[in-house]
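Reader: Please show me the sequence and the structure, and then I will ask about them.

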Amino acid sequence: MLLKFKIAVLILLVGFCICLINTKAFAIDTDQIYADKCEMCHGADGKGTSQGIDFGVQDFTNKEWQASRTDEDFVNSITNGKEENPNYIPFGDMLSEEEIKAMASHVRKFVQ
Ligand code: HEC
């Protein structure tokens with residue numbers, strides 16, 4: 001009887017640990033990704049670095065521009081880059097689909 005109880009506790013503990021590992025793997029740190037992969041062109045303030053502006057970045061803090069682009073546009077551009085702008089590198093190989101969606105929402109935060 002006691003052994004069964006111990007086994008049950010053990011199973012629960014293992015389950016709990018697996019849960020913890022999973023949440024860690026799925027937590028996407030958009031601030032970190034932005035700082036590592038986006039800031040060099042888009043700037044910490046979203047307005048674009050001088051290098052980024054040379055490449056043709058838009059000002060992420062511009063409400064009218066944000067309103068003119070859909071979330072799908074953002075996901076698509078981040079994944080595939082822009083055919084008409086070779087300076088915009090695609091991130092489809094570097095970021096997962098979930099990360100790209102999270103980054104599209106992150107970009108929206110510059111106007112909130
Ligand atoms: C090498 C410079 C560079 C880097 C690094 C970069 N971008 Fe861009 N990004 C651009 C340029 C240039 C454009 C403008 C493309 C255009 O509209 O022609 C752009 C446009 C965008 C747009 C608008 C797309 C649209 O559909 O209008 C979003 C959103 C965006 N970038 C997000 C990101 C995110 C998120 C990252 C990091 C994961 C990132 N960018 C990294 C250069 C860069």
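Questions on the model

Author: This is a predicted model, in which local features need pLDDT of at least 70, side-chain atom pairs count only at pLDDT 80 or more, and totals for chains, interfaces and linings use all residues. Residues are numbered from 1 along each chain as its sequence is written.

Reader: How many helices and strands does the protein chain have?

Author: Helices (H or I, at least four residues) and strands (E, at least two) are DSSP runs, numbered from the N terminus. Read along the sequence, the pattern of the protein chain is α-α-α-α-α-α. The count is therefore six helices and zero strands.

Reader: Why is the protein chain described as more spread out than a compact globule?

Author: The C-alpha atoms of the protein chain fill a box of roughly 70 × 30 × 25 Å, taken along the principal axes. The globule rule is 2.2 Å times the number of residues to the power 0.38, and the radius of gyration is taken over C-alpha atoms. For 112 residues the rule gives 13 Å, and the chain is more spread out than a compact globule because its radius of gyration is well over that, at 20 Å.

Reader: Is Lys6 buried or exposed?

Author: Lys6 lies in helix α1 (residues 2-26). A residue is buried if 20 or more other C-beta atoms, placed from the backbone, lie within 10 Å of its own, exposed if 12 or fewer, and partly exposed in between. Because Lys6 has 10 other C-beta atoms within 10 Å, the class is exposed.

Reader: Which element gives the largest share of the shell around the ligand?

Author: A residue is near a molecule if its C-beta atom, placed from the backbone, lies within 6 Å of it. Of the 24 residues around the ligand, Cys38, Cys41, Phe55, Ser77 and Asn85 come nearest. Two or more residues each come from α2 (30-42), α3 (50-55), α5 (71-80) and α6 (97-108). The largest share, six residues, is that of α2.

Reader: How does the shell divide into nonpolar, polar and charged residues?

Author: Ala, Val, Leu, Ile, Met, Phe, Trp, Tyr, Cys and Pro count as nonpolar, Asp, Glu, Lys and Arg as charged, and the others, Gly among them, as polar. The shell around the ligand holds 13 nonpolar, seven polar and four charged residues.

Reader: What does Cys41 touch, not counting residues up to four places away in sequence?

Author: Cys41 sits in helix α2 and is partly exposed, with 18 other C-beta atoms within 10 Å. Two residues are in contact if their C-beta atoms, placed from the backbone, lie within 7 Å. With residues up to four places away left out, Cys41 touches Gly48, Thr49, Gln51, Gly52, Phe55 and Val57.
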